[in-house]
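Have the structure open and follow along.

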Amino acid sequence: MIWSILCVFETTSGLGHMRRSACIANYLVEKGARVRVASGTFMDKENFFHPEIDFVELPAHRIWSSKDGKWFHYEANGRKIEDTNFDENKWKKKREKIFRRALKQEPIHAMVVEFWPFSRRREFTSAVNIVLSQKSLPYRPLIFSSARDILDTSNSMKKTANQVAKDQRKSVKMIRDSVDKVLVHADPALVSFAEGFAYWRKIEKKAIYTGYVVTDNAREKMGDERDIRMVVVSTGSGSTGLDLIKAAAKARRFSTLRDHNWTYILGPRMEKSHKIQALREIARFGNGSQVGSTAVYNHRADLPQILRRASLSISLAGYNTTLEVLASGVPAILVPKFKVRTVGKPWADAEQKGRLHKINAKHLATFVYPSTAIKPRSFAAKIDRAHRERVNRATLNFEGARNSAEIVLGQVKERFGDQHIHDFAAEEELKNLYS
């Protein structure tokens, strides 16, 4: 059987949405589906997506900076570009045109939309409506919402609690009207989706816990050997990673691990000026004795494999990095995304803090508050303790990608039976198959 699936995602400054979408899309291909992935924000496609996946390139995702009053986007190489003459209406129409053309060229049985309708409404609501309103098809494609365990909070989104509640009510209506299943990429043994979504009871019948989405490369395997002198510092995409890099570099000289081999991975979306600062801080503080080595990279697609070999990981706690750390079994320091402020404590991401409290309670990793991380001696003490005490092995469900693919294809087969598409270009044959 050949089932046609379209996976769509967008990301702002991080890479998590792409990583999750890639994991699910790859498993769909392995299960025999014909898969396309649509986005305006691809990066390093050959390292993350199965070679049989086709891509629908959308106009680059634009981000509004209320601080600067400007629109900008990221190029494929991670460079941040300002859009001085951006026209949002033209941008939306062009994206819609590309969606219509893609659907005409190759009809689909199902669409998996990453993080919609909990977010990404501006990007994908019209696309979902286009899919559901196709008059040329004698059937209605299935729509799957794909969401992580904890939604953006009022802290993360800079919205009031009332605004978040209003957004959640909108999500409920859109799920009721358009979504067949909500794939919740979580394990309720760690985090219940209901804790962050007040209207869970209204969508519960459509929701399925898939387990956490983690690439197979991250999982600890029999025969793995750890380099007892390898410390890895990573920041995910790097867009907000400068302060962690600086904090780790300053703490190194006070740590008993200062003579170990430290690898810093800045992140592909760290701004050029921030990279310069990071390199300066790493070189300035070093390790003091030059016994251990220091390596610095902008990006490592093989970070999951590196974590399986490392003796300690120090990282920002984005969804993907956190789950890769837990799956790898590496002793770990996890710090929520943060920014140092001139007055008061650092700002910290509430969504990530919420997940870290759960992880810390199960002794799966060491949760370090940003206010501690920016104090070199205190951070060094946490680093030493995490390395010395090790952690419990995580027994969470890490089968989210495989389970999501099986759920999607199971629902497709249940809806369409043995009907499938042989020739996507032949519309008449398609109609005959469903007549």
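## A tour of the model

His-363 turns up in the loop between helix H12 (350-361) and S18. Helices (H or I, at least four residues) and strands (E, at least two) are DSSP runs, numbered from the N terminus. Although His-363 is not a glycine, its phi is positive, at about 60°. His-363 is exposed, with a relative accessible area of 55%; here buried means under 20% relative accessible area, exposed over 50%, and partly exposed in between (1.4 Å probe, protein chains only).

Before going further, keep in mind that this is a predicted model, where local features need pLDDT of at least 70, side-chain atom pairs count only at pLDDT 80 or more, and totals for chains, interfaces and linings use all residues. Residues are numbered from 1 along each chain as its sequence is written, and side-chain values use heavy atoms, with hydrogens and water left out.

Arg-120 also has a positive phi without being glycine, near 60°. Arg-120 sits in the loop between S7 and H4, and with 10% relative accessibility it counts as buried. Pro-117 is in the loop between strand S7 (110-114) and helix H4 (121-132), and a cis peptide bond, omega about 5°, joins Trp-116 to Pro-117.

**Aromatic rings**

Rings of Phe, Tyr and Trp (its six-membered ring) pair if their centres lie within 6.5 Å; planes under 30 degrees apart count as stacked, over 60 as edge-to-face and the rest as tilted. That rule gives 18 aromatic pairs. In one of them, the ring centres of Tyr-212 and Tyr-319 are 5.8 Å apart with planes at 50°, so the pair is tilted. This pair links distant parts of the chain, 107 residues apart: Tyr-212 is in the loop between strand S10 (207-209) and strand S11 (230-234), while Tyr-319 is in helix H11 (residues 319-328). Tyr-212 is buried at 0% relative accessibility, and Tyr-319 is buried too, at 5%.

Phe-367 and Tyr-369 make another tilted pair, because their ring centres are 4.6 Å apart and their planes are at 35°. Phe-367 is buried at 8% relative accessibility, whereas Tyr-369 is partly exposed at 36%. Elsewhere, Phe-118, Phe-193, Phe-197, Tyr-199, Trp-200 and Tyr-209 come together as one aromatic cluster.

Rings also meet charges here: a charge sits over a ring if NZ of Lys or CZ of Arg is within 6 Å of the ring centre and within 35 degrees of the ring normal. Arg-20 has its charged end over the ring of Tyr-319, 4.7 Å from the centre. Lys-45 does likewise with Phe-42, at 5.1 Å from the ring centre.

**Sheet and enclosed helix**

Six strands, in the order S13-S12-S11-S14-S15-S18, make up an open sheet with parallel pairing; two strands pair if DSSP finds at least two bridges between them. Strand S13 (294-297) and strand S18 (366-367) are the edges, each pairing on one side only. S11 and strand S12 (residues 261-265) run parallel and are joined by 5 bridges, with Val-233 opposite Tyr-264 in S12.

Helix H8 (residues 242-252) is largely enclosed by the rest of the structure, because 9 of its 11 residues are buried. Among them are Leu-242, Asp-243, Ile-245 and Arg-252.

On a 1 Å grid over the protein atoms alone, a cavity is a set of points where a 1.4 Å probe fits but cannot get out, and a pocket is an open set with protein on both sides within 12 Å along at least five of seven lines; lining residues have an atom within 4 Å of a point. Grid points are joined across faces, edges and corners, and a volume is the space filled by probe spheres set on the points.

The whole structure holds 4 cavities of 30 Å³ or more.

| Space | Volume |
|---|---|
| Second largest pocket | about 360 Å³ |
| Largest cavity | about 50 Å³ |
| Second largest cavity | about 40 Å³ |

The second largest pocket has 17 lining residues, and Asn-26, Phe-48, Thr-215, Asp-216 and Asn-217 lie nearest its centre. H1 gives the largest share of that lining, 6 residues. For the largest cavity, the largest share is 5 residues, from H3.
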